[in-house]
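Here are my notes for when you have the model open.

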Amino acid sequence: MMPLSITFHGAAGMVTGTKHLLDLPDGKRILLDCGMFQGEGPASNALNRRFGFDPASIDALVLSHAHIDHSGLIPRLVAEGFKGPIYATGATMDLSKILLLDSAYIQENDFRYDAKRARKQRAAMDEVGPLYGTADVEPAMELFRPVPYATPTEILPGVTLTFLDAGHILGSASVHLAVAGREGVKRITFSGDVGRYVDRLVPEPRPFPQADVIICESTYGDRDHPPATAAEEELLGHVQRVCVQRQGRLIIPAFSVGRTQEILHALNKFFNEGRLPRVPVFVDSPLSINATGIYRKHAGLLRPEIQKELETDADVFGFPGVEFVREAARSKELNTRPGPAIIIAASGMMDAGRIRHHLFHGLPHPANAVLIVGFCAPGTFGERLLQRPEVVHMYGEDVPVRAEIRTMESYSAHGDRNELLRWISCQDPSLVQRVFLVHGVDRAREGLAGLLSGRGFRHIEMPKLDQRFGL
Ligand SMILES: [Zn+2]
C-alpha cells in the first residue's frame, strides 16, 4: 500500500493550468481538473507540453468546471493515452464541448498563421504544432459521465464523489471526495473556483461537509471586490456616458461563458424596465452565442430569482436591439460601422478572438471606452491595457490608446477574500488537517493564508509546481 498523496501540476503560484493529482493507497490515480496554462507567453507553451505524469496512468478525471484553465488540456490528455471516465456536471459537459472545440480551432488557426508567416519571412519555424486539434475533441467528449449536484457517486472502488454548486459559472462545482482507507475515510474537498455571494445568474456557493483536507483557490485572496449591488447601475452609467453622451463605442471584452450572459441579463433587465438607451448591442462571438444557448438549456440551475423572471420573459438574455453575430464578414463590418454601439466580444483577457479587431479599430478614438469586466492574468494583453499604456502593438502596428479604459471588478465570477472565507466558514478548523492554497499568485495566497490562520486553520501550504505532499 502506498500512502495517499497529492501532487500539484499546475495553478501552483499562478492562476492557470489547474491539475492536481491524487495518488490513492491502492495505486489508483485521480486527476482533479486538466487545465491549460495561459498568459505566460512561451513558458505557457512549454508547460502545456508536459503533464508531469503519464496520462495513461490516470484512472479517472474529475472536472470542477468548464473554463479552459481547468479543462483545456483534456483532449491532449486523451490523445496521450488517458482512457478513464471524466466526471463533471451536465452543464459543465455541454460547456466543455464548445470551449474545447473553440480552443482547438484557435490553436489550429494560430498555427497555420504562424507557419505561413514563417514561410514568408523564410524564418526557421519551430514545428511544434497545436496542443491538439478539433478532431481530438470528440474522443474526449465520449469519456464524459455527467453527475448531478449533491448526488454521491462511487467513481472508483471506495471513492465517492459529490459535486456541490460552487456558484462560479453555470455547472461549476466544488469537488468532495470520500476516500475509504485502512484508517477510515479521508474527506478531500477541492474548491474549484469559488463564486460570489451576490445577486448574479448562478446561485451562491454551497456549504460543504466537514473535510480533512481542503484544496482552496485564492485568486482574490488578498482583495475585496467593490459592493456588487451597484454593478448593474454602474454598467448603465457607462452606456449613458460613452454611447449616449459621447456617441462612442462601449467595447466590452468578456469571457464567452458567464460574463457575457451576466452583461446580457443586465441589459435585458434595463430593456424590460424601459431604461436601456436605444443603442445597438452586438454580441460578436459565435462561442458566446453557443454558450448562451447552453445557459438557456440549463436555466433550471440559475438562481430562483431568474426562474421567476423566466415566467414573464422567456428569454432573459435577448431583447430587441441585440444582434448575435456569427459570420466573420458581419463582424468585420462592425469595425467600420459609424455611430454608437455596445460590442461584447471574447476573449476576456484580450489575447485572442474578435475582440482584438474591435480594440485595434476602437482604441485610437477618445469617444470610445473599453470596459474590462473580468480577471486578466499577468502577461495577457488585458493586463497590459489595464496599465493604460499610451501605445500598444497589434497586428504589426503601433496603436495609440486614446479610448477610455475602465474596469468593473464587481462582475468578477471569483469570490473575493471575504467570500472565500465565507465559503470555508462551514468548516470546523480544528478538524481540518491540511489546507492547500492554489490558483493564486503568491501575494494572494499569502494574504489568504494569513486570514485563514487567523480563523484557526493550521498547516496551510502554498505548493510549488510539481510539489508532492503525503496526506
Ligand atoms: Zn473558472
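This is a predicted model: local features need pLDDT of at least 70, side-chain atom pairs count only at pLDDT 80 or more; totals for chains, interfaces and linings use all residues.

1. Proline 207 counts as exposed, because it has 12 C-beta neighbours inside 10 Å. The cut-offs here: 20 or more other C-beta atoms within 10 Å of a residue's own makes it buried, 12 or fewer exposed, and anything in between partly exposed, with C-beta atoms placed from the backbone. You'll find proline 207 in the loop between β10 (184-190) and β11 (213-217).

2. Residues are numbered from 1 along each chain as its sequence is written.

3. Next, β11 pairs with β20 in the parallel sense over five bridges. Strands and helices are DSSP runs numbered from the N terminus (strands: E, at least two residues; helices: H or I, at least four), and two strands pair if DSSP finds at least two bridges between them. Valine 213 sits opposite arginine 434 in β20.

4. What about the other partner of β20? Strand β21 (residues 460-461) also runs parallel to β20, over two bridges, and isoleucine 460 in β21 is the bridge partner of valine 435. Strand β20 (residues 434-438) has four of its five residues buried, so the rest of the structure largely encloses it.

5. Now the helices: α7 (residues 259-272) packs on α8 (residues 286-297) at about 75°, with 9 Å between the axes. That makes α7 roughly perpendicular to α8. For the geometry, axes are lines fitted to C-alpha atoms, for helices over the stretch in contact, and angles run from 0 to 180 degrees between N-to-C directions; under 35 degrees is roughly parallel, over 145 roughly antiparallel, 65 to 115 roughly perpendicular and the rest oblique.

6. Who touches whom there? Thr260, Gln261 and Leu264 of α7 meet Ser288, Ala291, Thr292 and Tyr295 of α8, contact being C-beta atoms, placed from the backbone, within 7 Å. By class, this contact has three nonpolar, four polar and no charged residues (nonpolar: Ala, Val, Leu, Ile, Met, Phe, Trp, Tyr, Cys and Pro; charged: Asp, Glu, Lys and Arg; polar: the others, Gly among them).

7. Finally, the domain assignment gives domain 1 (5-223 + 413-470) and domain 2 (229-411), with bounds from an automatic or database assignment. Their C-alpha centres lie 27 Å apart, and 24 residues of domain 1 contact 25 residues of domain 2. The domain 1 side of that contact has 13 nonpolar, seven polar and four charged residues.

Definitions and conventions. Two residues are in contact if their C-beta atoms, placed from the backbone, lie within 7 Å.
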